[in-house]
Amino acid sequence: MKKGRELFVGSYRSLHQTPISPIQFQQTMSHSDPSNRYSYTPILNWNPQVHHYFLKAYGADHFSRISTALTRPSRYSCIRVNTLRSTGDAVIHKLRSLVPNADVPPPQSDSGDDVANPLKECSAAAAAPISKCEIPGLDYVVFVWGSGPRRIHYGDAPPKEVIVSRKCAEAVLRGAQVYVPGVMACSAHVEKGDTVAVSVAVEKQGADGGWGIAMTRGTVLQGSETDPYYFERNGLYIGQGTAMLSRAGMFRVSEGVGVDMKDRVYELHSFHNVLEGEIFLQNLPSIIAAHALDPQKGERILDMCAAPGGKTTAIAILMKDEGEIIATDRSHNKVLDIQKLAAEMGLSCIKTFKLDALKSVCRRDDIDTFTDPCCNNAKIDVTNQVLDSPNLQVERVSPLVTEDKGKKPNGGAYVSKADIRKNMRRARNGPGRNQCVGGRVDRSKGFSPDSFDRVLLDAPCSALGLRPRLFAGEETIQSLRNHAKYQRRMFDQAVQLVRPGGIIVYSTCTINPGENEALVRYALDKYKYLSLAPQHPRIGGPGLVGSCEFPDGYIEEWLRPGEEDLVQRFDPSSPLDTIGFFIAKFLVGSKDT
Ligand SMILES: C[S@@+](CC[C@H](N)C(=O)[O-])C[C@H]1O[C@@H](n2cnc3c(N)ncnc32)[C@H](O)[C@@H]1O
């Protein structure tokens with residue numbers, strides 16, 4: 001039965017008293033069994049209030065499945081082909097020579113899970129190691145199978161060991177090697193070439209209620225029960241590999257591979273540096289989000305939180321690189337990442353800007369100073385700015401200005417003496433710290449209302465859908481609410497920027513209804529001219545209907561009956577085996593009503 005179709009009006013208060021959930025009990029029991037020590041059966045720790053809230057939203061069984069799925073990587077890699085450069089078939093042909101065992105059917109899980117064909121809805125050939133997506137319009141998406149969870153044989157004697165940080169372990173589960181900065185502790189006498197078992201130290205709760213790792217980097221493991229994290233590591237072994245350095249070396253050098261993983265709980269192919277510019281590794285729901293936006297050639301599109309540019313480049317390719325995509329992010333270096341990816345994929349319709357999405361709509365006086373050629377108030381920053389004129393032209397202001405007052409640069413814009421001095425200093429001393437990390441980033445002051453055909457708001461979120469995840473305790477009810485507030489303010493900006501008749505797509509990579517369905521409720525209740533639009537393709541599940549009351553009396557409203565099938569909720573525990581993701585598509589009606 002699909003929970004999303006049920007009307008749920010629940011109070012979180014009643015569950016607040018529950019001391020321990022059945023899932024926690026079951027997991028605690030399995031971890032205290034010594035025969036499970038060298039296994040991978042992680043327990044995802046949640047903040048207790050968040051745990052109760054999700055239990056209420058999903059029900060105990062469903063939330064248990066979600067929690068378990070989050071600790072595992074998807075069993076396949078999803079590759080988006082740059083159709084301006086290649087085709088799905090051509091890429092499959094090239095990958096066959098790059099992916100080991102490409103002709104051998106994908107191995108099954110040792111855990112007895114049904115992994116025969118979790119992608120049967122989108123790939124009939126999913127039993128092959130490399131297959132093309134069969135969703136209409138998505139034949140440029142290629143799946144490459146991995147395997148797991150696999151039982152690893154760590155030998156008869158207690159093995160030499162390396163403990164890695166959680167972030168490092170999550171990367172290893174996705175196919176990376178163990179790099180030295182991720183190594184936390186190592187057995188005494190480990191030499192280069194030794195086989196070592198790799199486990200992970202996950203945050204645990206301290207006496208003050210905070211979460212942390214009670215271990216100093218460089219700890220020597222004696223192989224005894226007095227070692228730090230000895231019992232906590234039960235069920236947290238992610239594989240074994242060859243030490244590339246001695247114990248001393250691992251803590252002396254600052255970079256490089258510490259352990260070359262030979263035998264992994266999850267085997268996923270790494271596509272690092274493979275077919276650069278021709279393919280992009282991207283989650284299936286992210287590809288679907290770009291399709292939901294349905295960008296058309298020649299349109300003007302805003303991607304509000306765009307870095308590193310995965311969806312921006314997907315949108316540009318759907319538009320055949322014809323039109324204009326404004327891709328903004330608040331981080332300078334992340335904007336450089338978008339530029340790099342766009343260049344690598346050979347896309348020219350993407351313009352990037354550093355901009356705080358909360359200030360995406362330019363202020364009235366900024367529009368006036370720009371549009372009035374007699375007005376001398378527009379400032380020129382040391383980096384470029386962009387101001388929109390009402391006729392939707394983007395103008396970029398040259399940073400190279402002169403003090404010649406008779407010749408007004410940028411059609412009348414005034415250049416302050418301070419800016420000129422700054423530019424001269426810059427010419428003498430070089431571009432400055434921000435600029436020397438790799439390139440130039442233009443700064444924007446925002447855009448005119450109603451100036452975009454479509455807006456994608458792929459909002460920063462709690463990311464509680466990302467996989468694999470070995471710890472979730474950092475998010476509290478308050479931090480989840482803060483994410484939601486931030487997202488609403490960004491959405492308010494998006495609504496102003498889209499023209500009547502335009503489209504807004506809102507997406508997150510979290511399972512938190514407060515950042516998903518509750519945002520939709522907020523949007524529909526506040527802006528009567530917005531309506532939910534059907535999405536194509538639609539392979540995600542329905543949204544959650546109902547509401548949730550919190551102990552402080554706050555009622556979080558989700559969807560109303562009839563709205564659930566207009567959003568896409570990707571459930572990490574569903575057969576599609578994706579990250580947790582949410583997509584809502586809004587049609588903007590006449591703003592006069
Ligand atoms: C979910 S990620 C976007 C992923 C991207 N859409 C993609 O598909 O590659 C969210 C992004 O929002 C950016 N961000 C966070 N707060 C922001 C703000 N106030 N203004 C603009 N960008 C922001 C972060 O730097 C991050 O790159």
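Student: Which residues touch the most other members of the largest nonpolar core?

Tutor: This is a predicted model, and its largest nonpolar core holds 110 residues. Within that core, the residues that touch the most other members are Val 455, Leu 457, Ala 494 and Ile 504.

Student: Which residues of a second, separate core can be named?

Tutor: The second core is separate and has 36 residues. Its members include Val 164, Val 183, Val 202 and Ala 243.

Student: With which residues is Ile 504 in contact, leaving aside its neighbours within four places in sequence?

Tutor: Ile 504 is among the residues that touch the most other members of the largest core. Once the neighbours within four places in sequence are left aside, its contacts are Val 455, Leu 457, Ala 494, Val 495, Val 498, Phe 586 and Val 588.

Student: Is strand E21 largely enclosed or largely open?

Tutor: Strand E21 spans residues 498-508. Eight of its eleven residues are buried, so the rest of the structure leaves E21 largely enclosed.

Student: Which residue of E21 stands opposite Leu 457?

Tutor: Strand E20 (residues 452-458) is joined to E21 by six bridges, and the two run parallel. In this pairing, the residue opposite Leu 457 is Tyr 506.

Student: Which residues does Val 520 touch, not counting those up to four places away in sequence?

Tutor: Val 520 lies in helix H15, which consists of residues 517-526. Because 25 C-beta neighbours fall inside 10 Å, Val 520 counts as buried. Not counting residues up to four places away in sequence, Val 520 touches Leu 559, Val 567 and Ala 584.

Student: What separates the C-alpha atoms of Val 520 and Gln 240?

Tutor: Val 520 and Gln 240 are 280 residues apart along the chain. In the model, the separation of their C-alpha atoms is 45 Å.

Student: Which residue in the hairpin of E23 and E24 takes a positive phi?

Tutor: Strand E23 (residues 545-549) has four of its five residues buried, so it is largely enclosed by the rest of the structure. Three bridges join E23 to E24 (residues 555-557) in an antiparallel arrangement, and Glu 549 has Ile 555 as its bridge partner. Five residues lie between the strands of the hairpin, and the one with a positive phi near 90° is Gly 553.

Student: Which strands stand at the edges of the sheet of seven strands?

Tutor: The sheet is open and of mixed pairing, with the order E6-E13-E12-E8-E5-E7-E11. Each edge strand has a single partner strand, so one side of each is left without a neighbour in the sheet. The edge strands are E6 (178-179) and E11 (219-221).

Student: What is the bridge partner of Ser 187 in E11?

Tutor: Strand E7 (residues 183-187) and E11 run parallel and are joined by three bridges. In E11, the partner of Ser 187 is Leu 221.

Student: Which residues are closest to the ligand?

Tutor: The ligand is surrounded by 17 residues. By class, this shell has seven nonpolar, four polar and six charged residues. The closest are Cys 305, Gly 310, Arg 330, Ala 357 and Asp 458.

Note on methods: Residues numbered from 1 in each chain as written. Predicted model: local features only at pLDDT ≥ 70, side-chain atom pairs only at ≥ 80, totals over all residues. Near = placed C-beta within 6 Å. Nonpolar A, V, L, I, M, F, W, Y, C, P; charged D, E, K, R; others polar. Core = buried A, V, L, I, M, F, W, Y, C linked by C-beta atoms within 7 Å. Buried ≥ 20, exposed ≤ 12 C-beta atoms within 10 Å, placed from the backbone. Contact = placed C-beta atoms within 7 Å. Pairing = 2+ DSSP bridges.
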